[in-house]
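User: I am new to this structure. Please show me how to read its features.

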Amino acid sequence: MSAVADLLLPEGVQGHTHADAQALAEALAGQVAEALRTAVDERGRALLVVSGGRSPVAFFEFLARQELPWARVQVSLADERWVPPTHADSNEALVRRHLLQGPAAQATMLGLYHPAESLEEAARLAEQALAGLPPIDVLVLGMGDDGHTASLFPASANLPAALDPACPRRVLAMQAPSEPRQRLTLTLPPLAGAHLALLALQGATKLATLNQALRPGSAADMPIRAFLHAPLQVHWSP
């Protein structure tokens, strides 16, 4: 099986191959913790933005055990399903359950969900809540088999605006092809402005999707293409 190092990654993009999912999660947690410590040392605080889904659970649990000045760490989300934090599909609930435990519970959670009359209004409320936030110190992304990342889905109506490098919004409403369809996502400018961006992938299918995304093509077809440049680092395991 090919490894990330065998792919033709763009200049400046580093690839890391791990023996299995547990090794990936542990290595990722160590790298994230070190970057957060550096941010706190240099700027007095750190902002970590993570993705949801099932894959990050082991990473969250390893990270929660890291010795960090957690009270100076803010945690937010690259995207969210428009469901309350009590819902089983909530990314915020996943982070609270698996990351913000023990000493890590001292971190400040900045969720994206807001009750509202419409998804568009919820996106505006999330935008207001994140106003004034500093640049992201550490961003951890995943990727779907269709090449989406965060909730930047191909063919979603707001995707062109969200992928615009000059997009004035931090948060936009997005429609996913699977349930729950209504999502909120950070846009390209705040995501691309992260000091350290990490892409975590598991399995041969994700490796094949990444290989396809590295070929010439539009970010509208595979949104992950908008992030395949330095300072991204790719972590993969079988």
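**Reading the model**

Analyst: Start with two residues: Phe59 and Phe60 are both buried. Buried means under 20% relative accessible area, exposed over 50%, partly exposed in between (1.4 Å probe, protein chains only). This is a predicted model, where local features need pLDDT of at least 70, side-chain atom pairs count only at pLDDT 80 or more, and totals for chains, interfaces and linings use all residues. Residues are numbered from 1 along each chain as its sequence is written, and side-chain values use heavy atoms, leaving out hydrogens and water.

User: How many aromatic pairs does the structure hold?

Analyst: A pair of aromatic rings is described by the distance of the centres and the angle of the planes. The structure holds one such pair. Phe59 and Phe60 form it, 5.6 Å centre to centre with 45 degrees between the planes, and it is tilted. (Rings of Phe, Tyr and Trp, with its six-membered ring, pair if their centres lie within 6.5 Å; planes under 30 degrees apart are stacked, over 60 edge-to-face, the rest tilted.)

User: How many helices and strands are in the protein chain?

Analyst: Helices (H or I, at least four residues) and strands (E, at least two) are DSSP runs, numbered from the N terminus. The protein chain has seven helices and 10 strands. Its radius of gyration is 17 Å, close to the 18 Å from the globule rule for 238 residues, so the chain is as compact as a globular protein of that length. That radius is taken over C-alpha atoms; the rule is 2.2 Å times the number of residues to the power 0.38.

User: What share of the residues is buried?

Analyst: Buried residues make up 50% of the 238 in the protein chain.
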